[in-house]
Amino acid sequence: MSETDSLLERQAELEALRARLEEVRAGSSAFLMLVGAAGVGKSRLLNQARRMAEEAGMRVLHGRGVPLEREFPFGVVRQLFEPALVRASARQRQELLSGAAGDAVVAVGGKPEAEGPADGALGDYAVLHGLYWLTANVSRGGPVVLLVDDLHWTDESSLRYLAYLLPRLEDVPVAVITTTRPVRPGSSPLLDVMALDPGCELLQPSDLTAEATSSLLAQLFGQAPEKDFALACHQATGGNPLLLRELIRALRAEEVAPVAGSAPLVGRIGSRAVSRRVALEFSRLPADCHRVAEALAVLAPEALLEHVTRLAGTGMEQAAEAATTLVAIELLRPVHQASPRAGYEFIHPLVQQAVYEQIRPERRNAFHREATALLTEAGASSERIATHLLRLPAGTTPHAVTVLCDAAEHAMSGGSYTGALTYLKRALTEPLSRDERYAVLAQAAFAAQRSDLPLAIEYFSEAMSLTEDPCLRARLAAPLGLALLYVERVDTGVAVLTEASEALRPVRPDDPESMTGLATATRGMTPEEDDLWRGLQAILLNIPTVAVGWDRLGRAMPALRDLPESRGIGALMLEGMIAAHETYRGDPRAVTRARRVLAHPEFVVEAGYGATTAVGAYFALVLGDLDESIAAHSALIEEARRHGSLTTLCQAFGFRALGWLRRGDLSEAETDVREALRLGFLSDSMAGVRLCSAILCETLIERGHLDEAQAVLAGAEVSGKVPANQMLFWVMHAEARLLHARGDHERALALSQQAGERFAAHGGSNPAVVAWRSVAAQSLHAMGRTEEAVHLACEEIRLARVWVADYALGRALRVGGLVTPGDEGLALLREAVDVLEAGHARVEHAAALVDLGAALRRANARAEARPHLMDGLRLASSLGAAPVVELAETELRAAGARPRRLVAEGPDSLTPSERRVADLAAQGLTNRAIAQQLYVTVKTVEVHLGNCYRKLAISGRSRLASSLAERAD
């Protein structure tokens, strides 16, 4: 009986797989997840997909998650790509790793083409980007199918690769087909990220019906089962295909006939069918088969034949014979892998688990000890050796701590902090001296900071208790204080930071009197101590910006401003956080301070690596100078793409999107913030996701996509208990704007006031940060409460005049003009147009022009109104600001004009992204080279170039250079 014949009640899944593979053969792409309980037949469907693909001439790469190797960073990625790289000739390998794909070497376990990147260690984003291009390069030879079995047991790094690849598959002929069990509490959030992505197709095979159960029984027994026997088998297994097959094999091994009288025996075996069958088979097998099966269970999935024979204590010939026997009794199956791998795997992980668990504990330990020895002799990676050390008792293996710590270092370099933490937790069980324990604890704490904050707090605290050195304690107190902040133990965090700070310099940051004369209190401080102290002050100042109830920490600012100038990193971080506080309060000195901080190249490097307090300077600039902030964030993105973390990139893309939004470049804002959201989900940064959701919501409101904006806010998860340690006023304000746009003015008023209260709780009043008064004023005006509306609008205008951003003042004046009756309102609208015309906030400028035109039209000054309305219509049309366009057209008709839709054309109509692509294409770069340089897909480049050709009225790239030059002329 073929496996295809045994795939009962799976026709729908098989047809879906066949259809997607055909689409990929035609140049499309696909991402499918087969989701179901263990044993439901997911792996069989995956194997059938392999056959379909191979019969169609498609290249198939295969990987499988294994419980024993979940900590191994990029373990499944290596299974996918390493065989192809090993078999490739030197020229083929060079082609596969060409361009950005070279950055994937650290993940696939190959040898770099050079000693390493000349500009420093790669960050996790660069590795993911390199893996994407490796995937694209592999597919240049024809359609490729990536098969990943048991996604729920796949290591975190490989999951992150697949989640990164999913939305970027649009222009590579690749099918990704995976299997996984249903997501449960404790599962990786990346499984949800993939399953919920619109590009992922879910196939959910169900358990077999009673009819299918009876049919399978007939096939495997060779005769029709009696009804009661078939019913007992179905009830005992729930129709689960694997359990049913194993039950049948166990019954056949005991020579049980499929008759009604055998039904009681079925119940006794039941769900223990797998382990029962393994035990039965083992009782009849020769010793060689036992040992080979056990060796494979210990070494899988990277089992080399020579290692299997050594563990099993057999020769090559005996091992091959034993494997043939194990295949015949359906414990093993051959795999499509080249020598020198053993070439066999268990038919199902549950079978492997059953074999592994029947090994006596002392024998199992001996296997793992032997495995560590032979892998060490073979020069295997520390991660591969560490997978066996994890299963051995502490104190039984020499050099275990060295290997485990080295494996953890490699894991973190690939972005696998969960895996690193597993290795380090095991290292901490070994006998360690005080100094050794301190070193391992510190390393474990930094790993846990990215994956398990409560454990990070425990480890940082214990590490601090093992040293009296104030500098070492300060270095640990900084991340410990931040971790305590994130879990809302702010009081403990402040105490830790203050204590460490006082150990370096005896002043209390929340006591103005103790801060007196601080500028002269540097005697006796080394430069290192001084900079560490300033870094701690930066974190203390960061707390009130993200947590409520800690405004007293801001009292130290006057004394901190007077500190002597320093170029140390801690000092720069402190200057940046002072700028953030000044921004909250609307103090225009913030922008000058932020510029000064960002002028230091080393600051950008530290920010790229993920220094939390670096955000202060960037935040101040994006709220003060749109053009400079976009340039600064672009530089940060370039740094973080190469060397930084996904969390840093999430923040950088999010704030650059805010700059584009305020400037009116709505398409750029949407592109950036959607990328930021993807990165936020990849890095499991809920705070980043919420902030970016608010920015995306406001962008969609400006474009008139209200239903989509509502869906985005629903994903921000702010219902229920409101955390005390996030800048949730962004989300509240975005939702208030959405409610106002929908005409729900009462709720918009209430939520905008809540946003204002939350912002004030952080010490904020600057309308450039959150313009809650504008939303509240417009809602009040719509409800007929004009006096209250005018009062709020005037207050916002007063505050905006102090700050330096034209968009904030222009918006405040525009709203003031809308809610203020008569000539006074007209005067405010005219001033709004004047302010915005000289600045860069183009959507606000378009809105002000249209609102002024509408007000003039209502005042019967139609002739004067029409030019303002037409100018506003032109500008809003070029920006894609649909609500402003709609209002302008309505008002123009009311003013007696016949508006017509305008088509943007010429070099000035190109978006910044289109212009970047066009400039590189004009220089002669191929679409592929442009995509790699700009970190986008080839399809994105093609779309941008198509837009450029249309707007420039040219037929192709040969005329790009001359057409773009028209702008300079």
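Helix 7 spans residues 124-138 and has 15 residues. From first C-alpha to last, helix 7 reaches 21 Å, close to the 21 Å expected at 1.5 Å a residue. Of its 15 residues, 15 are buried, so helix 7 is largely enclosed by the rest of the structure. This is a predicted model.

**Helix 7 with helix 8**

- Helix 8 covers residues 156-165, and helix 7 packs against helix 8 at an angle of about 65°.
- The axes of helix 7 and helix 8 are 10 Å apart.
- The crossing of helix 7 past helix 8 is right-handed.
- From helix 7, the contact uses Tyr-125, Leu-128, His-129, Leu-131, Tyr-132 and Thr-135.
- These residues meet Arg-160, Tyr-161, Tyr-164 and Leu-165 of helix 8.
- Sorted by class, the contact of helix 7 with helix 8 holds seven nonpolar, two polar and one charged residues.

**Helix 33 with helix 34**

- Helix 33 runs over residues 615-624 and helix 34 over residues 626-643.
- Their axes come within 6 Å and cross at roughly 145°.
- Helix 33 passes helix 34 in a left-handed crossing.
- Helix 33 brings Tyr-618, Leu-621, Val-622 and Gly-624 to the contact.
- Helix 34 brings Leu-626, Glu-628, Ser-629, Ala-632, His-633 and Leu-636.
- The classes in the contact of helix 33 with helix 34 are six nonpolar, three polar and one charged.

**Helix 46 with helix 47**

- Helix 46 takes in residues 862-879, and helix 47 takes in residues 882-894.
- The two axes come within 9 Å and cross at roughly 155°.
- Angles over 145 degrees count as roughly antiparallel, so helix 46 is roughly antiparallel to helix 47.
- The crossing of helix 46 past helix 47 is left-handed.
- On helix 46, the contact residues are Arg-862, Arg-866, Leu-869, Met-870, Leu-873, Ala-876 and Ser-877.
- On helix 47, they are Val-884, Val-885, Ala-888, Glu-889, Glu-891, Leu-892 and Ala-894.
- By class, the contact of helix 46 with helix 47 has nine nonpolar, one polar and four charged residues.

**Charged residues that are buried in helices**

- Arg-656 sits in helix 35, which covers residues 646-663.
- The relative accessible area of Arg-656 is 9%, and Arg-656 is buried.
- Not counting residues up to four places away in sequence, Arg-656 touches Ile-630, His-633, Ser-634, Ile-637 and Asp-672.
- Glu-670 belongs to helix 36, residues 666-682.
- Glu-670 has 14% relative accessibility and counts as buried.
- Residues up to four places away in sequence aside, Glu-670 touches Leu-696, Thr-699, Leu-700 and Arg-703.

- Leu-441 is part of helix 23, residues 434-448.
- With a relative accessible area of 0%, Leu-441 is buried.
- Leu-441 touches Leu-428, Tyr-459, Glu-462, Ala-463 and Leu-466, leaving out residues up to four places away in sequence.
- Glu-499 is 58 residues from Leu-441 along the chain, and their C-alpha atoms are separated by 20 Å.
- Ala-477 lies in helix 25, residues 470-486.
- Ala-477 is buried, and its relative accessible area is 0%.
- Beyond its neighbours within four places in sequence, Ala-477 contacts Met-464, Val-496, Leu-497, Ala-500 and Leu-536.
- Phe-460 is 17 residues from Ala-477 along the chain, and the two C-alpha atoms are separated by 7.6 Å.

**Positive phi in loops**

- Most residues other than glycine have a negative phi.
- Asp-150 is not a glycine, yet its phi is positive, about 60°.
- Asp-150 falls in the loop between strand 3 (144-149) and helix 8.
- Asp-150 counts as buried, at 4% relative accessibility.
- Glu-330, also a residue other than glycine, has a positive phi near 60°.
- Glu-330 is in the loop between helix 17 (316-328) and strand 6 (332-334).
- Glu-330 is partly exposed, with a relative accessible area of 36%.

Technical notes: Residues numbered from 1 in each chain as written. Predicted model: local features only at pLDDT ≥ 70, side-chain atom pairs only at ≥ 80, totals over all residues. Heavy atoms only, no water. Helix = DSSP H or I, 4+ residues; strand = E, 2+ residues; numbered from the N terminus. Expected span 1.5 Å × (residues − 1). Buried < 20%, exposed > 50% of the residue type's maximum accessible area, 1.4 Å probe, protein only. Axes fitted to C-alpha atoms, helices over the stretch in contact; angles between N-to-C directions. Parallel < 35°, antiparallel > 145°, perpendicular 65-115°, else oblique. Left-handed = near helix turned anticlockwise from the far one by under 90°. Contact = heavy atoms within 4.5 Å. Nonpolar A, V, L, I, M, F, W, Y, C, P; charged D, E, K, R; others polar.
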